[in-house]
Amino acid sequence: AFIGRLAYQKGIDVIEAVFPWLMSGDHAGVTGYVQVVMMGTGDEKYGRFLREAEAHNKGRVAGYVGFTSELEHKILAGADIL
């Protein structure tokens with residue numbers, strides 16, 4: 001799970017860079033069987049990344065551009081890795 005400002009200082013650029021590998025795996029430890037939830041506001045470049053990641057990975061990725069404390073609490077409660 002990622003919750004934060006959509007800016008490179010917060011690491012969303014790293015998530016974007018490894019995202020294809022994370023979703024497909026390398027068969028040497030990373031299986032590609034993951035589910036990802038991301039929420040935040042900020043740079044529109046990363047907002048597009050969240051929307052496109054969700055659109056191309058239905059059922060495996062939830063990308064929410066915006067912020068609500070109620071949703072934040074639900075994401076944190078259900079996440080295995082933050």
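These legends describe close-up views of a predicted model.

**View 1. Strand E2 pairs with E1.** Strand E1 covers residues 2-3, and strand E2 covers residues 36-40. E1 and E2 run parallel. Two bridges join them. Within this pairing, Phe-2 stands opposite Met-38 of E2.

**View 2. Strand E2 pairs with E3.** Strand E3 spans residues 61-65. Its pairing with E2 is parallel and extends over five bridges. Val-36 faces Val-61 of E3 as its opposite residue. From E2 the chain passes through helix H2, residues 44-56, to reach E3. This β-α-β crossover is right-handed.

**View 3. Cover over strand E2.** How many of the five residues of E2 are buried? Four are, so the strand is mostly covered under the cut-off of 20% relative accessible area for burial. E2 is also the strand that pairs with E1 and with E3.

**View 4. A nonpolar surface patch.** Three residues make up this patch: Val-14, Val-18 and Trp-21. Together they have about 260 Å² of accessible area. Trp-21 belongs to helix H1, which spans residues 12-24. Is Trp-21 buried or partly exposed? Its relative accessibility is 39%, so Trp-21 counts as partly exposed.

**View 5. Salt bridge between Arg-51 and Glu-44.** The side chains of these two residues meet at 2.8 Å, N to O. The pair qualifies as a salt bridge because the cut-off is 4 Å. Arg-51 has a relative accessible area of 41%, so it is partly exposed. Glu-44 is likewise partly exposed, at 40% relative accessibility. The count of salt bridges in the model comes to two.

View 6. Which residues form the salt bridge at 3.4 Å, N to O? The partners are Glu-70 and Lys-74, joined through their side chains. Both lie in helix H3, residues 69-78. They are four residues apart, about one turn of the helix. Glu-70 and Lys-74 are both exposed. Exposed here means over 50% relative accessible area.

Definitions and conventions. Residues numbered from 1 in each chain as written. Predicted model: local features only at pLDDT ≥ 70, side-chain atom pairs only at ≥ 80, totals over all residues. Heavy atoms only, no water. Patch = residues over 30% accessible without salt bridge, like charges linked within 9 Å, V, L, I, M, F, W, Y side chains within 5 Å. Areas by Shrake-Rupley, 256 points an atom, 1.4 Å probe, with all protein chains shown as cover. Buried < 20%, exposed > 50% of the residue type's maximum accessible area, 1.4 Å probe, protein only. Pairing = 2+ DSSP bridges. Right-handed = clockwise from strand over helix to strand, strands pointing away.
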